[in-house]
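Please open the structure in your viewer and keep the selection tool at hand. The tour below goes from one selection to the next and says what can be found at each stop.

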Amino acid sequence: MKNNHFLSRFAGGLTSFLRSDASKFLAPALFLVIVFYVIPVGISAYMSFTPLKNWNIDRYATQFVGLENYWKLFYMVTHDPSMKAILLTTVVFVAVTLAVNVLGGLGLAIGTYFMSERAAGASQLLWLLPRMTPIAVYSLIWYYFFHPSNIGTINSVLMHLGLIDKPIDIGQGIIPWGPWSIIIFVNGLVGVSYGMIVFTSAISNIPKELVIAARVDGAGNWDITRKILVPLLKWHIIYVTTWQLLSLITTYDHIFLLVQWNLVNRDYGSTWSLYVYNTAFQAGETDQGLAAAAGVVLVLISAVLGLITLKLMGFERMIREPRGDI
Amino acid sequence: MGRAVSKVAVAVAIVVIVAAVGAALYLTRPGAPEEVAKVELTGNLEQDIINVGKALQAAGISEVRYSVWSGGDPNSVMRVYGIVEAAARIMKIWGENGINVRISVDTNYYQKPDAVYQDFVSKWALNQAPDIMANGYVYIASLADEGYILDLTPYLSKYQDFLSDFYAPVLEAMKYNGKLYGIPQDTEARPIYISKEAAACAGIDLDDLAGKVKAGQFTWSDLFNMAKQAKEAGCVEWGLIHRKGSAHPDLIQFIYAFGGSLYDEDTGKLVLDKEAVYKWFTVERAFADAGLLPHDMMSWDWGKQIHPTVVNGDAFAFIGGVWHWTEWQTKAYYHDPQTGEDRGLRPEEVEAKFYYTLFPAGEPGKQPVTLSQPFAWVINSKAGYQNPDYDRLKDIYQKLAVLLVIKASDPDIIAIHSIISSHLPVTKAGAELLQDQGFVNDLPNLPTIRSDEVRNAISDIVERTANPINIEFLMNTTYMLEYTHFTPKHPQYPKLADLFADAIDKVLRGTMTPEEAVDYLVSKINADPDLKGAVEVVGEVPTGWQFPQS
């Protein structure tokens with residue numbers, strides 16, 4: 001009964017939404033979300049219940065194996081001796097890189113705000129370079145930078161300066177902090193530019209009068225930052241944090257190459273999403289059923305984490321309708 | 001009332017439309033396919049080519065299209081052009097017999113053979129996979145399991161003479177579940193290279209070392225002692241260098257050299273042979289602990305560390321492959337002390353610097369080994385799908401694809417590929433041509449090649465590589481095929497090989513003892529349900545086994 005009530009309310013809501021102007025404005029975005037997100041998620045969820053492998057759709061797409069792929073995944077996670085290292089690495093990687101990305105982006109945006117316009121533009125462009133460089137090229141640069149021999153930039157410089165007499169193997173020799181530092185550094189450098197752009201555009205929308213008035217009252221850069229800029233950037237910080245959290249959980253491309261090239265330790269250099277990728281695609285036959293199950297689990301984890309972040313940061317207060325007393 | 005009438009009208013209209021469409025479909029349905037004369041393969045290649053050509057012409061076909069994909073190093077392009085040349089030769093035969101049918105072949109040559117395989121698999125269901133592919137024999141298992149490639153056994157039942165010219169172990173590698181799914185395209189061996197300069201410097205006599213290795217009199221303990229002697233005499237920085245990144249296939253040779261196995265023919269399961277794997281790990285650990293093998297060997301850089309170290313004489317021994325012989329000539333790994341420039345070695349320099357032998361036996365009583373990963377021609381089970389009237393002429397299109405592959409195995413095509421890519425010939429007739437001075441002298445003019453496309457594509461490579469020293473090297477290493485092993489054609493094998501790489505890395509770095517690493521392998525295998533079901537763990541870690549033994 002209650003269910004029916006809910007359904008009829010939902011249908012009513014949907015009809016009135018479709019008739020409203022809002023639906024027409026949202027149509028292009030909705031179309032993209034449905035085609036590129038909702039439908040693929042639906043197909044993935046479906047695939048996760050089939051034994052699909054080697055892309056043999058003709059043969060496997062209509063067979064059902066129930067929860068077998070999920071069971072397989074659970075079995076691997078609970079039996080793999082490397083899993084502890086991988087989960088620990090995931091937590092540290094996501095937490096620290098997230099902090100670097102958000103605080104770094106904020107720092108850069110605010111720093112450049114107080115700079116002359118030309119210097120600000122140039123320095124922002126510099127920070128965008130990692131994002132513009134193709135992943136393989138960018139990873140290769142850091143591969144040679146951290147390489148554990150005299151061909152590695154760091155080692156070669158330190159040896160020339162006479163600070164060390166034989167090369168240090170950061171990614172494989174200093175466990176776990178060595179590999180963690182490398183993957184956090186490499187990904188952090190790519191990530192900060194995103195926050196920087198969002199925060200820069202947000203800051204440029206803050207009325208200049210507020211800052212000028214504060215200056216007249218004798219406020220320094222630090223006071224302006226603390227009392228004016230950061231409070232006004234709150235919603236942007238929430239957005240960037242949530243967005244970066246979700247993308248860090250699912251990112252593996254740079255890490256994949258660094259592990260593949262043996263620059264960083266396999267266990268303390270792999271995150272959960274890389275583990276999922278390797279399990280499903282890397283070795284042996286490509287198991288799309290298992291990959292789909294792992295993907296569904298990732299979507300669920302991301303959804304829960306995303307909701308928690310939004311809740312913690314008070315997202316609903318931002319979308320609440322204005323009270324009209326301004 | 002009016003509303004009811006209009007509803008009836010709509011219903012009638014729908015019925016009429018459906019009926020009209022149905023009737024149209026019924027009337028225009030394809031008639032029963034007209035019978036096509038069946039072509040039986042007779043085992044006489046020329047006759048079969050003519051019969052297939054006549055059948056195509058009778059069916060009104062004037063052009064047949066095929067696509068062929070393969071991949072690998074830039075010198076191995078005959079993996080696609082072999083088929084183009086075969087098509088030219090078939091068309092010549094047709095022309096001489098008044099058959100006017102053209103074969104056009106689209107080629108696609110990748111850098112990485114595994115990417116070719118991935119593309120084949122992901123495009124098969126979309127009807128975009130090639131008709132013919134040359135790729136590693138290991139893929140035969142999954143391609144055959146999925147029904148993606150033709151079982152060639154019935155097509156070649158009359159071609160026993162053709163098949164018997166292939167080296168038996170290489171042909172055997174093309175079989176899966178007792179059926180033949182591929183025709184060998186090329187193969188290779190993995191010699192151990194020893195620095196002649198380092199040996200001379202340390203006063204080590206290499207005379208007939210290859211013979212002693214062959215007889216099982218020279219084992220890994222002896223190689224260890226030699227490497228140690230060279231290092232202690234200050235002649236080299238390293239005693240042994242090997243590949244990085246993966247244990248497959250070079251390091252897997254240790255398992256065979258200790259008499260171990262990776263596959264159980266009876267159960268069809270992969271094998272983790274604890275004893276052989278333990279001994280392999282112990283040998284490498286002994287080399288690393290003696291300072292002869294780098295602890296971080298698995299993360300060395302191929303182009304900046306491994307090859308330069310070997311080529312510049314800083315390593316006593318190197319676990320390499322036959323193709324390195326020409327790679328050292330084409331890539332600038334060598335630092336010329338006289339001019340100070342980096343350059344490729346000249347053939348005579350490679351010959352002067354390197355001694356080569358089989359991979360020695362692990363311990364007395366065991367056999368020397370090498371390992372090959374032959375390339376196979378495989379034929380799409382939908383071969384010919386892009387041609388007209390496919391449903392009716394399917395059988396003829398498939399047979400023509402098989403004939404193309406047979407023709408691409410002509411001795412001269414095999415010999416040319418071997419010479420320009422430094423791979424070993426897969427047929428005896430191909431190997432004989434390498435010894436034919438007339439053939440070798442004429443090679444730069446490519447007198448046997450009919451297709452201009454092929455001639456243009458390979459003439460530069462032929463000019464650079466057709467050197468008597470390189471050809472002699474190939475002839476001198478062909479005997480190694482008698483000692484060769486193949487890694488299993490099992491869909492789960494790559495996963496297992498990945499675990500080996502992980503374990504040996506931990507052993508070399510000293511984070512695990514050989515025994516712990518074997519246990520680690522077992523727990524990793526048990527953590528993956530697919531792998532657990534596919535691998536049987538046999539044997540025990542031996543107690544009190546020492547290395548080196550003398």
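**A sheet of five strands in chain B**

Begin in chain B, where 5 strands form an open sheet in the order β2-β1-β3-β16-β6, with mixed pairing. Its edge strands are β2 (102–110) and β6 (183–186) of chain B, each of which pairs on one side only. As you turn the view, note that neighbouring strands of this sheet are turned by 25° against each other on average, with direction ignored. The model you are looking at is a predicted one.

**Strand β1(B) and its neighbours**

Now select residues 63–71 of chain B, which make up strand β1 and pair with β2(B) in the parallel sense over 9 bridges. To follow this pairing residue by residue, display E63(B), which stands opposite R102(B) in β2(B), and then R65(B), whose bridge partner in β2(B) is S104(B). The path of the chain from β1(B) to β2(B) goes through helix α3 (residues 78–96) of chain B, and this β-α-β crossover is right-handed.

β1(B) is also joined by 2 bridges to strand β3 (residues 132–136) of chain B, and these two strands run parallel.

**Helix α3(B)**

After α3(B) comes G98(B), which has a positive phi, near 70°.

**A second sheet in chain B**

Stay in chain B and move to another open sheet, which 4 strands form in the order β8-β11-β7-β14, again with mixed pairing. Here the edge strands, each pairing on one side only, are β8 (238–241) and β14 (354–357) of chain B. Neighbouring strands in this sheet are turned by 20° against each other on average, direction ignored. Select strand β7 (residues 192–195) of chain B, which pairs with β14(B) in the antiparallel sense over 4 bridges; within this pairing, I192(B) has T357(B) of β14(B) as its bridge partner.

**Two cis peptide bonds**

Go to chain A and select I175(A) and P176(A), which are joined by a cis peptide bond with omega of about -5°. P176(A) lies in the loop between α9 (170–173) and α10 (177–204) of chain A. Back in chain B, the peptide bond from F547(B) to P548(B) is also cis, with omega near -5°, and P548(B) lies in the segment after β18 (535–538) of chain B.

**Two asparagines with positive phi**

Finish with N262(A), which is not a glycine and yet has a positive phi of about 60°; look for N262(A) in the loop between α14 (253–260) and α15 (272–282) of chain A. Then select N127(B), a residue other than glycine whose phi is likewise positive, near 60°, in the loop between α4 (113–124) and β3 of chain B.

Which of the two words, buried or exposed, applies to N262(A), and which to N127(B)? N262(A) counts as buried because it has 24 C-beta neighbours inside 10 Å, whereas N127(B), with 10 such neighbours inside 10 Å, counts as exposed.

Technical notes
Residues are numbered from 1 along each chain as its sequence is written. Chains are lettered from A and ligands numbered from 1 in the order in which they are written. This is a predicted model: local features need pLDDT of at least 70, side-chain atom pairs count only at pLDDT 80 or more; totals for chains, interfaces and linings use all residues. Two strands pair if DSSP finds at least two bridges between them. Axes are lines fitted to C-alpha atoms, for helices over the stretch in contact, and angles run from 0 to 180 degrees between N-to-C directions. A crossover is right-handed if, with the strands pointing away from the viewer, the path from the first strand over the helix to the second runs clockwise. A residue is buried if 20 or more other C-beta atoms lie within 10 Å of its own, exposed if 12 or fewer, and partly exposed in between; C-beta atoms are placed from the backbone.
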